[in-house]
Each structure stands twice: as C-alpha cells, then as structure tokens.
Amino acid sequence: HEVAAAFASRVIHSRAYFVFYAGCIVLNMFLLVYGVIELVRANWKPVKESAWYMSLDITSTLLLALEVVVRIVAAQKTFFSHWHNRFDFVVSILCIAALFFYLDEDFVIASIGVFILVLRYVRQISRLAVFFYGQRRLVGSRNEVVDITFPEDERADF
C-alpha cells in the first residue's frame, strides 16, 4: 500500500507526468475546438461523430480517469478532502458513463452526453489554469536565493 503511494507520488512529480499531463490538455483542447467547429457547421444540432473522433474522445476519457486514479493512490486518504479532487472524481465517473451514450442516438441521451462533456472541459480548463499557476510559482521559486551559511558563532566543527 505504501509502496504504491510512494510510486504514484514519484510519478506525479516526474517530468514524464508533466509531458503526459500537457499531452492530455492538448488532446482535450483539440477535441473541444473540433467539436465546437462541428456543432457550428451543423447549426448547433447534434452530429454523429466520426470513428477517429470517438476513439480519441474515449482515449482522452480513459487517460483522465487514469490520472485521477494515480492521484488517489498518491494522496491516499487526503484525496477526497479537497473539493476540486471530489469534482475531478465525479466528472471522471460521469465521463466514463457518458461513453455509453455514444451507442444511443436519442436526442435526450445525446444532450446528457454533451452536458457531461461540457463538465469535462470545464474540469480541464480549470486544471489548466491551476497547472499554469503552479508552473509560474515553481519557476518563480527557482530564482529565490537561499542562504545556507552558518553565522561564525554557530558554525559546527566537523
């Protein structure tokens, strides 16, 4: 249990995770822009998505769910203590459920799927803002100078 948490924590703080996360954001932004363009072309009526779009959307949903699972394992009991993590978890579950709406062409069912998709994009955009804010803070902290010298009278004799 502790080994999995330590591994998940190392993954979350790795450069590979940064690249993975950035890739997920790019994929989601592409899907969002493409989806909106297709809706505008269809005069805001539901459109039947192509197989490649559905495949990318399913992949994106599963990657986001995987990301939430890794964060749950890393944070353990503290994950659900933050409202944004609870929101991420609920949206991920709803997005997985929405995958089944691809199979139904009923307008009401399709509308529910679109609503869940909007929630997913709200989640991604808010996480993108948090991500860039965190990166800005991280870059800002790299420029800080930390004095690690001892005053003459407190210097340890080694």
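The model is predicted: local features need pLDDT of at least 70, side-chain atom pairs count only at pLDDT 80 or more, and totals for chains, interfaces and linings use all residues. Residues are numbered from 1 along each chain as its sequence is written, and side-chain values use heavy atoms, with hydrogens and water left out. The protein chain has five helices and zero strands; helices (H or I, at least four residues) and strands (E, at least two) are DSSP runs, numbered from the N terminus.

**Overall fold**

- Along the sequence, the elements of the protein chain follow the pattern α-α-α-α-α.
- The protein chain has 158 residues, of which 25% count as buried; buried means under 20% relative accessible area, exposed over 50%, and partly exposed in between (1.4 Å probe, protein chains only).
- Among contacts in the protein chain with a separation of 6 or more, 75% join residues 24 or more positions apart; contact means heavy atoms within 4.5 Å.

**Packing of α2 and α3**

- Two packed helices are described by the angle between their axes and the distance between the axes.
- Helix α2 (residues 15–41) packs against helix α3 (residues 51–75) at an angle of about 140°, and their axes are 10 Å apart; axes are lines fitted to C-alpha atoms, for helices over the stretch in contact, and angles run from 0 to 180 degrees between N-to-C directions.
- The crossing of α2 and α3 is left-handed, meaning that the near helix is turned anticlockwise from the far one by less than a right angle (right-handed if clockwise).
- On the α2 side the residues that meet α3 include Tyr 17, Phe 20, Tyr 21, Cys 24 and Leu 27.
- On the α3 side the residues that meet α2 include Trp 52, Tyr 53, Leu 56, Glu 67 and Arg 71.

**Salt bridges**

- The count comes to three salt bridges, each defined as a side-chain nitrogen of Lys or Arg within 4 Å of a carboxyl oxygen of Asp or Glu.
- Glu 67 and Arg 71 form a salt bridge at 3.0 Å, N to O; both lie in helix α3, four residues apart, about one turn of the helix.
- Glu 67 is buried at 3% relative accessibility, and Arg 71 is buried at 10%.
- Asp 88 and Arg 71 also meet in a salt bridge at 3.0 Å, N to O. Asp 88 lies in helix α4 and Arg 71 in helix α3, so this pair ties together parts that are 17 residues apart in sequence.
- Both Asp 88 and Arg 71 are buried, and a network of salt bridges links Glu 67, Arg 71 and Asp 88.
- Leaving out residues up to four places away in sequence, Arg 71 touches Ile 12, Tyr 17, Phe 79, Asn 85, Asp 88, Arg 123 and Arg 127.
- Glu 38 forms a salt bridge with Arg 41, with the closest N and O atoms 3.0 Å apart.
- Glu 38 and Arg 41 are three residues apart in helix α2, so about one helical turn separates them; Arg 41 is exposed at 64% relative accessibility.

**Nonpolar surface patch**

- Phe 80, Phe 89, Val 90, Ile 93 and Leu 94 make a nonpolar surface patch of about 390 Å².
- Patches are made of residues with over 30% relative accessible area and no salt bridge, with like charges joined within 9 Å and nonpolar side chains (Val, Leu, Ile, Met, Phe, Trp, Tyr) within 5 Å.
- Ile 93 sits in helix α4 (residues 83–98) and is partly exposed, with a relative accessible area of 46%.

Technical notes:
Areas by Shrake-Rupley, 256 points an atom, 1.4 Å probe, with all protein chains shown as cover.
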